[in-house]
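Please consult the sequence and the structure alongside the text.

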Amino acid sequence: MAQVDKKAGLLRKSSASRKPLKEKVVLMYDEIFGLEDPAKNNPRFWEELFLMKVNLEYLEGKLESLDGDEVMKIKDNINSLFHNCIQALAEEHQIKVVNALQTLCALLRGVHQRNKSTSGFDIINMLMGFDKAELRMKALMESLDAQLCGDRSHSLKSLCFKLLLCLVTVTDNISQNTILEYVMINSIFEAILQILSHTPSRIQHGYDAVVLLVLLVNYRKYESVNPYIVKLSIVDDETTLNGMGLVISQALSEYNRQYKDKEEEAQGGFFSAFTNMVGSMFIADAEEKITVHTNEAILLALYEAVHLNRNFITVLAQSHPEIDIVSTPSVAAPTMPIAPLGTTPPSLDMLASPELPLDPNLQTSNLLITFLKYSSIVMQDTKDEHRLSSAKLCLIILTCIAEDQYANSFLHDDNMSFRVNLHRMPMRHRKKLADKSLPSRPLVCAVLDLMVEFIVSHMMKDFPMDLYVRCVQVIHKLICYQKKCRIRLHYTWRELWTALINLLKFLLSHETTLLAKYNIFNLALLVVNLFNMFITYGDTFLPTPSSYDELYYEIVRMHQVFDNLYCMVLRVSTNTGQWKEPASKVTHALGNIRAIINHFNPKIESFAAVNHISQLSEDQVLEVVRSNYDTLTLKLQDGLDQYERYSEQPKEVAFFKELVRSISLNVRKNVSLTTLSQDVLLKEFSTIS
Amino acid sequence: MSAIGRLSLVMGDTDVAFPPSQVEDLQLSPSSSSASAVSCPSSPSSSSTSSSCSDHQHLQCTSPSSSDSSSTRGCSPPLDVISEGYGELDFVIDPEMAQKACQEVLQKLQRQQGDSEPIGDNTDHRLDNGAIPPELPEGGNCKPPKISEEDEDEEDVGEDPPCGTVRSVQRKQKNDSSKQSWLLRLFESKLFDVSMAISYLYNSKEPGVQAYIGNRLFSFRHEGVDFYLPQLLNMYVHMDEEVGDAIKPYIVHRCRQSVGFSLQCVWLLGAYSSDMHISAQRHSRGARLRKVILSDELKPSGSHTRREAHPSSEACLSPSKRTHQRSKSDAMLSVSLSSGLKRTASNPKVESSQDEDPNSSCESTDTETPARLTPQREFIKSLMGIGKRLATLPTKEQKTQRLISELSLLNHKLPARVWLPTATFEHHVVRVPHTQAVVLNSKDKAPYLIYVEVLECESLETSPVPARIPETRIRSTRSAENLPDCGITAAEPRVASFTTVPNYDNDDEAWSVDDIGDLQVEFPEVHTSSCDNISQFSVDSITSQESKEPIFIAAGDIRRRLSEQLAHTPTSFRRDPEDPSAVALKEPWQEKVRRIREASPYGHLPNWRLLSVIVKCGDDLRQELLAFQVLSQLQSIWIQERVPLWIKPYKILVISSDSGMIEPVVNAVSLHQVKKQSQLSLLDYFLQEHGGYTTEAFLTAQRNFVQSCAGYCLICYLLQVKDRHNGNILLDSEGHIIHIDFGFILSSSPRNLGFETSAFKLTSEFVDVMGGLDGDMFNYYKMLMLQGLIAARKHMEKVIQIVEIMQQGSHLPCFHGSSTIRTLKERFHMNLTEEQLQVLVEQMVDGSMRSLTTKLYDGFQYLTNGIM
């Protein structure tokens, strides 16, 4: 048999340009596509078929070329092909199993390509027939489960995952894929968990397993009971959750690494000299080059894990050594065609051993740090659709994290301090921070840095309003926690204040254009209320008395912005119109800030007048501030430290649906490439037999 | 307790009747007594047991000797040990009876020299012993397997019987009956305590005496003997066979009773054997015993019955009904998963040694498994492994990060049947708050300090291991929870576990938060730390949304509160990446306990405790252990003599000759850290911490300082403690100083060009804190030293003995040279009058103060190690 395969292979290779000669397997396929039952003349037909090397292109092409009526005619044969594939999965002979799996892949993909528009029902009918579907799918899922859990070779398991991914991505909209009903009933969740909890199998299949899981979780998420959601939400086995965390962490850090490589490439040598000379003119060009495709599937997996499973939060803080080092490609890599970046499973051999490697140069890292770095890269550029949705998802994940009690406790843990090198957008007016100068700080500082960075770097014409709102909310949630637990974070709050004031300034100057599209008052209210938090509750979380003075200094210094904002909201709120209500809220919220400005400004002026100084130094202003607190009365505002909790439904439904759709497309595209390349790998089985 | 003491006393004395060589055969008797004894301490009202004991007592007293029962009621004072034990039990048995039995046995011992009929006698005794188990219903079950173990023991230790008898005959001839008669009186006397027993065991060459003491050990309180365990084992390893034979039954007996004791023995035997040549024959003796213990042949014979006797203990321990093997996801996972989801998969690897089963993981809940020592050994090994790996990292920061991540992995294996041997109560370790761990200051090694959360329990061997509670204390599983008929059968246990934990009750809101709707605002979380102190701040209480009236606050108040709160927080140290331990050690212990308890998922349990331990890897702690013993001995001497000297011996656990654990001194930081962080002189620091000269707090702290300083000056002088730089002297929050690091004592000193020639370290800074040279406190200091020295001198033997026994076979640097003991004795100045002693103290104080070398040494340390 091996000989036949070899011969066929040789023939095909030599005559690649011409019309391929028909191999035996192709003839057999033709028989299936005929009207007769192929087993009628040859009772051993199916047995022989699965001993033959699969010709995926032919099978897929053939299915694709058929139109609806033709398909209905040969439905019986396809049904029995499907049936026999499933039966072959139970065979002892691994080669048969492999061929059956590949045939199934081809069937599914062929069927998909043929009827892009139709729903899952037709596919079920065509492949299995309605009457037998339940039975067939049960058998299929059971044997897949057995393959995945059993002691099989990695390539076989890998093929099982490919098949499952094919199955899941048959339709663009996953929720229309009715076949998945059967996957819901016959759960393979446990198999996925087992793969993730077991180190060697996680290294091989972790990526596929996580992608599969995240797709299954999103099947009819909002309409029905999805057992995968239920099960995922209650997993509490650390090993499994950790395994999942490692897979995500690895994929994200692989992306970070690729980005860094590209960045260095772009900045190295002549180019850097050139840019230095000419200035920042070309930075935009460099930007373009650096883009690396984001990996939404993994990001979505992180989201689902954080959002659904409370135990997963602990995984975020689970330390592991940094995986920035280029790892040697895994076994499968050399023969694989280079797939689009970020969408292939990264080579996963760094964490093969449960023991942490002993390299003193390795910084310990954790999933959260990797995620923050990833976010800092993704958020740099939100121009294209993918990156925008990635950035949005990052902020949603951060929102979930900022709401979580436990996450907050380790974010603010003084003993868990790290150096987090966030990527900062190169900008004209600031220098790149040297990596080494960063002190080791609690993780929340990195989150705040990231938020500040986002605020200062996205004030552009195409204003990402939604992201800004989320960003300010994340900050608010963190501060609420600090206030509640009286944590005095040693953070340079001034940077945040400056960024927020600049944001208000931007909103004011682009009022007309922005107001056409967004409710800018909502964002303004959030920002003003952040200041109110600092003003009225500063005693509970500010690190030093002088930081409270600085806050006043900053407000007084930038009073123009607040004055203008007040004028604007007053104007809008006195007019009738859709913005009346939100604008008047901002007017109320500005009360304390205006009180501060009105209280201190005259004092400072008179101080300057008395001392005959035209320009007061910062210290002098601070002195005035310090000595005049007692005559200032503030009003306590309600509900400053309360926030709306994040909920996916109904606000985010559309976003996630669209996201899952794009992930589905991406995965399908990917599977097609890798399944074929898997072919080469599977030679190992032809020799086994 | 008393029951054990009594029972084993009787048993032990019975054994004395045999020639020592046969003691091996008779190990059966002490061990069979353990069958009944084991069950006693655990049952608080063991009336049945004690009555059966008394029955047994009668048998003992009447059958072997024909002494009339009236004489047993005589008024001879009971043995002190027995009377001690009797305190809490009702007088079912007369203490005199037991004493009588003891006497008889001793007489028999004398008689034995002459006639050789003890064999018949022995069998009688044996029968008596054998008669016990049937009376104790539980004991009977466990008897047969134990006998078989004994057989193995015999093979292990005892040479062939004929040889033994020959030897015993020889020994008999050597015995001198007249000598024994006064010895007998001493042994019977009230004054005869563990210390004396050890001393006689060490000094006496008489096999009879040795055997007697060996048996007599059974009658002492466990704590008393435990103190001398290093001495006993060192004698066992390094001294004559006879001594070893005398000690062994007791050791074996105790090992059966307690896993903790077994491991102590294993570690100490290993450590004390390490100095010997492999070829040495005796070496195999210690190693053999170690192997026997490790092989776990010494199982507790009564464990079954004990466990059955306390089914109720389960209820108080686990917050949920979940078993350790656990939970929901496992229950849901189909059979196919069972092998894959073992938590061990991500466990840090620990090297498995050849003498234990590498497959048995830490979390085996099953006490029936042969490896009852394994979990604890694995636990200790992983801690040591961490230390070893940390040592390879270059910077403190990396070490700290690494430590935290290693410990978080270790956490996955907890809770387990593991414990901290330095603790004084029985417990299980449930969690290591990994972020609290710190690396200590050390140049090339990596000792580190960890905090360990434990749950106190009745018995670490039989109480069930607490169930694991996830870090996040599962409160809600969000959207999934409300989904109908999701088909999770396992949802019920989770709910059950949820409701049994009182803390969770308030979280009902959290369960449904997401499902109620959009505009849910966050409810104040009841279980967080903030809730109790919220009320003290007006701002918070005002925040309630009902108040419609605008509330005004003064900006000045906010600013004031901020500065006040910052001022009120106790002076804490700055975070210093080069000295991560300073902050952690400075935090008041109570504060730390509260903080960690709040953050812990186990914190709500009433039996939750926090312990801490320093793990040292690559250091020989045997000298530290010796110093601990000497310090403890001196401390009890001073307490006994009512000298108000203050010292703080800290517990040492020797695990091998190059690793161990130390019980940290809480609320104490080193003088180096004090000076570096505060940049103040010691006196100014005292003023800053405790208040002005005249405040009570300052005066108390000053008195504490003087008392501790005097105590440690004496210690430093007597033990010749060297390497006294400021990194090795701690200052606690009450003003006491505590010396740590006894790496250079007695005959050893660091090779440092003859620095530190003075008797002890007394800097002018110390004197300043004491109020200067002319102050009353300084005179008080000198007087304390004199009193302390006189008291110590009175009990010199007790101190010398500890050191002397440990010198046997030891290659420790502190025993270098031949004059260690002689010079130690000389430093007690037995020949001086009290007036002369006073002069001596004056001289030493003067000399130390004027000592240039102290200053030089501090300067040297500052230059070489950066220690201020």
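Helix H12 (residues 207-216) of chain B is largely enclosed by the rest of the structure, because 10 of its 10 residues are buried. Buried denotes under 20% relative accessible area, exposed over 50%, and partly exposed in between, with a 1.4 Å probe and protein chains only. Among the buried residues of H12(B) are Pro207(B), Tyr212(B) and Arg216(B). Helices (H or I, at least four residues) and strands (E, at least two) are DSSP runs, numbered from the N terminus.

This is a predicted model, in which local features need pLDDT of at least 70, side-chain atom pairs count only at pLDDT 80 or more, and totals for chains, interfaces and linings use all residues. Residues are numbered from 1 along each chain as its sequence is written, chains are lettered from A and ligands numbered from 1 in the order in which they are written, and side-chain values use heavy atoms, with hydrogens and water left out.

**Chain B as a whole**

Chain B contains 39 helices and 10 strands. Of its 868 residues, 58% count as buried. Its accessible surface comes to about 35400 Å², and carbon and sulfur atoms account for 54% of that area. Accessible areas come from the Shrake-Rupley method with a 1.4 Å probe; for residues, only the protein chains shown count as cover. Among contacts (heavy atoms within 4.5 Å) in chain B between residues at least 6 apart in sequence, 78% join residues at least 24 apart.

**Strands of chain B**

Strand E6 (residues 652-656) of chain B is also largely enclosed by the rest of the structure, since four of its five residues are buried. A hairpin of two residues connects E6(B) to E7(B). Two strands pair if DSSP finds at least two bridges between them. The table lists two pairings in chain B.

| Strand pair | Sense | Bridges | Facing residues |
|---|---|---|---|
| E9 (residues 729-732) of chain B and E10(B) | antiparallel | three bridges | Ile729(B) and His739(B) |

An open sheet of three strands in chain B has the order E8-E9-E10, with antiparallel pairing. Strand E8 (668-670) and strand E10 (737-739) of chain B are its edge strands, each pairing on one side only. On average, neighbouring strands of this sheet are turned by 35 degrees against each other, direction ignored.

Two helices pack on this sheet. Helix H31 (residues 671-678) of chain B touches E8 and E9 of chain B, and its direction makes about 80 degrees with that of E8(B). Helix H33 (residues 696-719) of chain B touches E9 and E10 of chain B, and its direction makes about 20 degrees with that of E10(B). Axes are lines fitted to C-alpha atoms, for helices over the stretch in contact, and angles run from 0 to 180 degrees between N-to-C directions.

**Cysteines**

No disulfide (a pair of cysteine sulfur atoms within 2.5 Å) is found over all chains. The sulfur of Cys716(B) lies 6.5 Å from the closest cysteine sulfur, in Cys713(B), which is too far for a bond. Cys716(B) is buried, with a relative accessible area of 2%. Cys457(B) is buried as well, at 11%.

**Confidence in chain A**

The predictor's confidence in each residue is given by pLDDT, from 0 to 100. Chain A has a mean pLDDT of 79, with 80% of its residues at 70 or more. Among the elements of chain A, helix H26 (residues 493-509) has the highest mean pLDDT (93) and helix H18 (residues 283-290) the lowest (43). Over residues 1-16 of chain A, pLDDT stays under 50, and the model has eight contacts beyond four places in sequence for them. Residues 322-361 of chain A also stay under 50, with 88 such contacts. Where pLDDT is low, the predicted coordinates should not be read in detail.
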